[in-house]
Structure formats: structure tokens, C-alpha cells
Amino acid sequence: MKKVSIVLLLSLVSAFPALADGDSPQKSCNNAAKLIADDDLDGALEEAKWCVTLLEQMQQARIGQFFKDSINGYQAGELESTNAMGFSMTKREYSKDNKRISVSLNGMAGGGMDAFAAIAQFGMNAGGGKKVRIQKRTAMITADDNDVKVMVTLKKGGTLVFESYDVSADELQAFAEAFPVEALDDSRG
């Protein structure tokens with residue numbers, strides 16, 4: 001997955017050179033408005049798409065700040081963010097004493113987060129785990145052999161998933177409770 005994320009990021013940077021040039025959403029959105037006024041609809045549409053791309057990147061950077069460098073004594077690895085075909089994911093792995101915990105925020109880019117949350121909630125209601133509350137959000141803890149997951153359904157849409165092959169369900173739940181779940185969810189507007 002890490003290699004795929006890096007390849008995707010590199011291809012996006014090469015496909016959109018303005019990223020490297022420091023283009024801003026404000027500039028791109030203003031350019032789209034000017035092109036509309038000049039009756040250049042093709043140019044305006046292209047610039048508007050770029051404006052949306054830059055806004056999505058800003059939003060992912062904002063979300064990334066909640067994936068702290070250290071949680072419950074676990075140190076964070078590299079933050080990964082992808083946004084492709086309407087699906088967005090932000091992921092970071094944490095480690096301590098040869099134990100690893102992976103945290104990922106999954107959802108639909110744009111306005112589709114409510115549908116994604118409904119699907120995740122349906123999966124939680126299907127059984128197979130223990131329901132708990134984490135920072136005023138419904139969560140499901142599942143354990144299959146060594147694979148332990150805590151899936152938190154966010155109020156603003158999407159799912160925050162904590163997963164480990166190295167820790168107990170109790171330790172993973174404690175990690176999830178220490179993660180800034182509420183602040184992350186509330187920041188998404």
C-alpha cells in the first residue's frame with residue numbers, strides 16, 4: 001500500500017505541475033471566475049477542477065495534524081494520504097516495543113461521507129464484535145485470531161480504523177480512546 005501511495009503521489013505531482021509551483025486554491029478559484037467572465041468555459045472548468053484538487057489537499061493536511069507524533073507511548077511513522085476516484089484515506093502507523101498499531105481515516109471525498117458512514121454503521125450492526133463508545137462515537141471492536149480492530153463511525157462521516165496484530169483488544173481500545181477522535185471529527189466541519 002505504501003508503494004502504491006508513493007507512486008500515486010508522484011504521478012499526481014507530475015500530472016499537475018502547479019503543485020510544485022506553489023499554486024493556491026484562492027488563486028486557482030479566482031482564475032476560474034475570471035475565465036468564466038471571459039467566456040472561456042473550458043479553461044474555467046479545468047481551473048475549477050484544479051481549485052477543488054488544491055482544496056482537497058488542504059483538507060487532508062488539516063486532518064493530518066490530528067495524527068499526532070506520539071500517542072500512549074507509541075511513536076508515529078510516516079503519514080500517508082491518498083485521494084483517488086472519490087475515496088480518501090489518511091493513514092499512520094504507530095509503534096512501541098515491537099508492537100504496531102495502524103490508524104486510518106477512510107471516507108468518500110466531497111459530500112459522500114454520509115453514505116460511507118451509513119455503510120460502515122450497517123457493517124457494525126451485522127454483529128461479530130463488541131460495541132463500545134469512544135469519545136461520544138459508536139465503535140466496534142472485533143478480534144479474528146491475532147487481527148484486532150476498533151472501527152469508529154464518525155459523526156461527520158467516514159470511519160476511523162485502529163488495527164493491530166500485536167496488541168490485545170483492551171490495549172487497542174485504550175489507544176483509540178487516547179487518539180483525538182472527537183477533535184478530528186469536529187474539525188471536518
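**Aromatic and charged contacts in the predicted model**

With a relative accessibility of 21%, Glu163 counts as partly exposed, because a residue is called buried under 20% and exposed over 50%. The structure examined is a predicted model. Glu163 belongs to strand S8 (residues 159-164), and its side chain meets that of Lys149 in a salt bridge with an N to O distance of 3.9 Å. Lys149 lies in strand S7 (residues 147-153), so that the pair links distant parts of the chain, 14 residues apart. Lys149 is likewise partly exposed, at 26% relative accessible area.

A search of the whole structure gives seven salt bridges. One of them joins Glu182 to Lys136, with the closest N and O atoms 3.6 Å apart. This pair also connects distant parts of the chain: Glu182 is found in helix H6, while Lys136 is in the loop between strand S5 (130-134) and strand S6 (137-144), and 46 residues separate the two. Glu182 has a relative accessible area of 26% and is therefore partly exposed, whereas Lys136, at 52%, counts as exposed. A further salt bridge is formed by Glu93 and Arg100, whose closest N and O atoms are 3.4 Å apart. Both partners fall in the partly exposed class, Glu93 at 35% relative accessibility and Arg100 at 45%.

Aromatic contacts were examined next. A pair of aromatic rings is described by the distance of the centres and the angle of the planes. The search of the whole structure finds five aromatic pairs. In one of these, Phe67 and Phe179 are arranged edge-to-face, with 5.3 Å from centre to centre and 80 degrees between the planes. Phe67 lies in the loop between helix H3 (41-64) and strand S1 (70-71), and Phe179 in the loop between helix H5 (169-178) and helix H6 (181-187); the pair therefore ties together parts that are 112 residues apart in sequence.

Methods
Residues are numbered from 1 along each chain as its sequence is written. This is a predicted model: local features need pLDDT of at least 70, side-chain atom pairs count only at pLDDT 80 or more; totals for chains, interfaces and linings use all residues. Side-chain values use heavy atoms; hydrogens and water are left out. Rings of Phe, Tyr and Trp (its six-membered ring) pair if their centres lie within 6.5 Å; planes under 30 degrees apart count as stacked, over 60 as edge-to-face and the rest as tilted. Helices (H or I, at least four residues) and strands (E, at least two) are DSSP runs, numbered from the N terminus. A salt bridge is a side-chain nitrogen of Lys or Arg within 4 Å of a carboxyl oxygen of Asp or Glu. Buried means under 20% relative accessible area, exposed over 50%, partly exposed in between (1.4 Å probe, protein chains only).
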